[in-house]
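Here's a quick briefing on how the strands in this protein pair up. Have a look at the fold first, then read on.

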Amino acid sequence: MTTMSDSHLRLLFLSLVLLCCVSPSSLFTLENRVTCGPHQIQAFTHFKNEFDTRHCNHSDDLNGVWCDNSTGAVTVLRLRDCLSGTLKPNSSLFEFHQLRHLDLSKNNFASTPLQLEALRLSSNGFIGQVPSSFNNLSQLSYLDLSYNHFSGTLNPNNSLFELHLLRYLNLGYNNFSSSLPSEFGNLNKLEALSLSSNGFFGQVPSTISNLTSLTQLYLDQNKLTGSFPLVQNLTNLSIIGLASNHFTGTIPSYLLTLPSLSALDMSKNDFTGSIEVPNSSTSSSRLKYLVLGDNHFEGKILEPISKLINLTHLDVSFLNASYAIELKLFSSLKSLLYLDLSGNSISPASLRSSDSYIPLTMELLTLAYCGISEFPNILRALENLEYIDLSNNVINGEIPEWLWRLPRLGTMDTRNNSFNGFQGSPQVLINSSLRMLYLDSNNFEGALPDLPLSIRSFSAELNSFEGEIPLSICNRSSLVALVLAYNNLSGPIPQCLSNLAVMYLRNNNFEGSIPDVFSAGASLRTLDVGFNRLTGKLPRSLVNCSSLKFLSVINNIIEDTFPFWLKALPNLQVLTLRSNRFYGPISPPHQGPLGFPELRIFEISDNKFTGSLPSSYFVNWKAVES
């Protein structure tokens, strides 16, 4: 029986063989490498002696080992066109623990087939074409090469297609650019196939119909064309993902009769026509997840969908329908939890109705870009609602007081409407269960409301709120993001906002200094207080904000020297100090590099800095170079 340590050795062995096949020669650089010492040369010789080297050119200067000039350890090993024999899992090769670059290409390795059944190499940095060295892995049933940088053509002659016991294959999230080989049909034991997020193009080969054991098929986010793939024989299919391709034609009539189908995503394609739902499928269908948005369907496609009574998740956004949707079409879907109708015209009468045409089970409802002009009264009865998106409509007036009494409401998005206030008292929101509230780009005016006690993110930019930020905000201990840019707010910035990750207060009338209250480990990532009337100095406690990426104080009245001390922040990418009263030299002490290696945007114009810029000033700004 193979021990656990043997299995790990074999996996390491296979990984190294694959690496030597996909690593380009450009990676084998001798920078910071030196000739190795006698001990390392002896270990290299011991490795060579494991093989027949009679055909090896021992005078080839390109073969050998090189060592790190500081540690002395072997980091580069190259033996091309030299070795014959078996590369064993217990080879002395694995004693080179600090090996970084290995080239064993063009050798004549022979080995007994490995009994490896599962190989997971996802989320590494592999590049080039998929290796063809799968011949000795005849027992492999699970192969995951996803989230790498494999590219080019998927060769039909690749030994990958000879893995006849393979049940799981994931090539998703790479950079392939080719048609799909018909040889996929050889893998007739496959139960799950993922080719998501690549550049595959052309039609799906008809041989896909050979994969009769397939339960999951993911072809989304490619450039595939043609009609719906031939899956009629794949009666075990439970998940089909075809989103974000260029499929055309109509939906095959057999599709919704597949006995095991539970999830179907065809969004963002060019499908046309309608969908047939046989009466026999009304109660027997297992389909729970259906995404059809962003296609070119015609006719009243929602009527047959309303027969799929087991649906829990339905996305029919941007159907380009020529009629207003009646919400009572969804009244038969008693298990529905998620409904996205964005980009469609909805019957005003059904939105206004006090009768709940929408199932009371509803938890997430998206009605963005629907041309709605009145607040939908139909929401009032949906006490299970957790998420509502009414953004990008034309709703005006006040948000009704009853909305905040929905007991489970966690996220409310009203961006890009014409709301101007809230029904009820300024404290109407306090006891709401809201955690995320988005009021951006409306016509709100007057004082800011007292926020819910549970609030985590509050965004209300591009309105006409005025007055000071209420001190009640200091009691909102869960608040991590505060976005109030482009309003008419004034007064000081409260001292209690040190726990925020995002503070975006640009274009208001705030006065006083930026609070100097950030303690070690502060989570601040974004601080933008530009275009206000702030004075004083930059808070020195910002040096405690190791996660800070964006800092902007432009167009204020800050009077301070250049903040050399900010170079201690490892993630700072944007630093804009323009149009203030900064003064003094900008050259760092000892005339060395300025620092800030991650900076991408740097603005210091319209201040009172003095001195010269030495030639080495920007030498560490590698992020800007890229």
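Strand S1 (residues 33–35) runs antiparallel to S2, and three bridges join the pair. Strands here are DSSP runs (E, at least two residues), numbered from the N terminus, and two of them count as paired if DSSP finds at least two bridges between them. Keep in mind that this is a predicted model: local features need pLDDT of at least 70, side-chain atom pairs count only at pLDDT 80 or more, and totals for chains, interfaces and linings use all residues. Residues are numbered from 1 along each chain as its sequence is written, and side-chain values use heavy atoms, with hydrogens and water left out.

**Around S2**
- Across from Arg 33 you'll find Asp 68 of S2.
- Strand S2 (residues 64–68) is mostly covered, with five of its five residues buried (under 20% relative accessible area, using a 1.4 Å probe and protein chains only).
- S2 also pairs with strand S3 (residues 74–78), again antiparallel, over four bridges.
- In that pairing, Arg 78 of S3 sits opposite Gly 64.
- Five residues lie between the strands of the S2–S3 hairpin, and Gly 72 takes a positive phi near 80° there.

**The parallel sheet**
- Three strands form an open sheet in the order S8-S10-S12, with parallel pairing.
- S8 (127–128) and S12 (175–176) are the edge strands, each with a single partner, so one side of each has no neighbour in the sheet.
- Strand S10 (residues 149–152) pairs with S12 in the parallel sense over two bridges.
- Gly 152 has Phe 176 in S12 as its bridge partner.

How values were computed: Buried means under 20% relative accessible area, exposed over 50%, partly exposed in between (1.4 Å probe, protein chains only).
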